[in-house]
Amino acid sequence: LLEPRPGLSNARNVGAAAARAPILHFMDDDAEAAPDLLARLIEAFATLDAAVVGGRVEPVFPAPRPAWLDDSLLGYLTVVDWGGELRFCAPGEWLAGANIAFRRAALEAAGGFSAALGRIGAGAALLSNEETHLIARIAARGGRSAYAPAASVRHHIEAARLQPGWFRRR
């Protein structure tokens, strides 16, 4: 699809509108899917009555992980690891757009991704959390989110993101 209006949220909404499946999966272009990712997502939706399912996002660093990069900062790099069992998300747990799936009906009923959030081009703005915002709107309508660790991706971290300045800007 050729979409002239830039923005990650807009691109996701355009893709969702064009897709025909009852479950829609989104992942980052710098992520590699596990060979059984889609099977694990379908299994999670079949096992739990969830509106949203997100999986583990494992980091792939371009060089050794810097000593100053504490585990508490990994979320800013879109690293998600809430443990090893399929379950509904606990309070405070979040899912990342690098590896997330929605029931089409829940996504549409909640109005899709907010175009006011999400990255636009390669500009300086590091806006994100559009999926968190959408999940909150789905939850307000009674939809639940689940974590499926076996539905995993490996997320390649850019070297530029391993600098303290990037974290300050973020």
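User: What volume does the second largest pocket have?

Analyst: Rolling a probe the size of a water molecule over the atoms shows where empty space is left. Here the second largest pocket has a volume of about 160 Å³. A pocket is an open set of points on a 1 Å grid over the protein atoms alone, where a 1.4 Å probe fits, with protein on both sides within 12 Å along at least five of seven lines. Its volume is the space filled by probe spheres set on the points. This is a predicted model, where local features need pLDDT of at least 70, side-chain atom pairs count only at pLDDT 80 or more, and totals for chains, interfaces and linings use all residues. Residues are numbered from 1 along each chain as its sequence is written, and side-chain values use heavy atoms, without hydrogens or water.

User: Which residues line the second largest pocket?

Analyst: Lining residues have an atom within 4 Å of a point. Among them are Phe88, Trp94, Ile135, Arg144 and Ser145. Helix α4 (residues 130–140) gives the most, with three residues. Helices are DSSP runs of H or I, at least four residues; strands are runs of E, at least two. The lining divides into six nonpolar, three polar and two charged residues. Asp, Glu, Lys and Arg count as charged; Gly is among the polar ones.

User: Where does the charged end of Arg144 sit?

Analyst: The charged end sits over the ring of Phe88, 3.6 Å from its centre. The criterion: CZ of Arg, or NZ of Lys, within 6 Å of the ring centre and within 35 degrees of the ring normal.

User: How many aromatic pairs does the structure hold?

Analyst: A pair of aromatic rings is described by the distance of the centres and the angle of the planes. The structure holds five aromatic pairs. Rings of Phe, Tyr and Trp (its six-membered ring) pair if their centres lie within 6.5 Å; planes under 30 degrees apart are stacked, over 60 edge-to-face, the rest tilted.

User: Why is the pair of Trp68 and Phe167 edge-to-face?

Analyst: Because their planes stand at 90 degrees, with centres 5.5 Å apart. Trp68 lies in the loop between β3 (52–60) and β4 (87–88) and Phe167 in helix α5 (residues 164–169), so the pair ties together parts 99 residues apart in sequence. Trp166 and Phe167 also pair edge-to-face, at 5.2 Å and 85 degrees. Trp68, Tyr76, Trp166 and Phe167 form one aromatic cluster.

User: Is Phe167 buried or exposed?

Analyst: Phe167 is buried, at 15% relative accessibility. Buried means under 20% relative accessible area, exposed over 50%, partly exposed in between (1.4 Å probe, protein chains only). Trp68, at 37%, is partly exposed.
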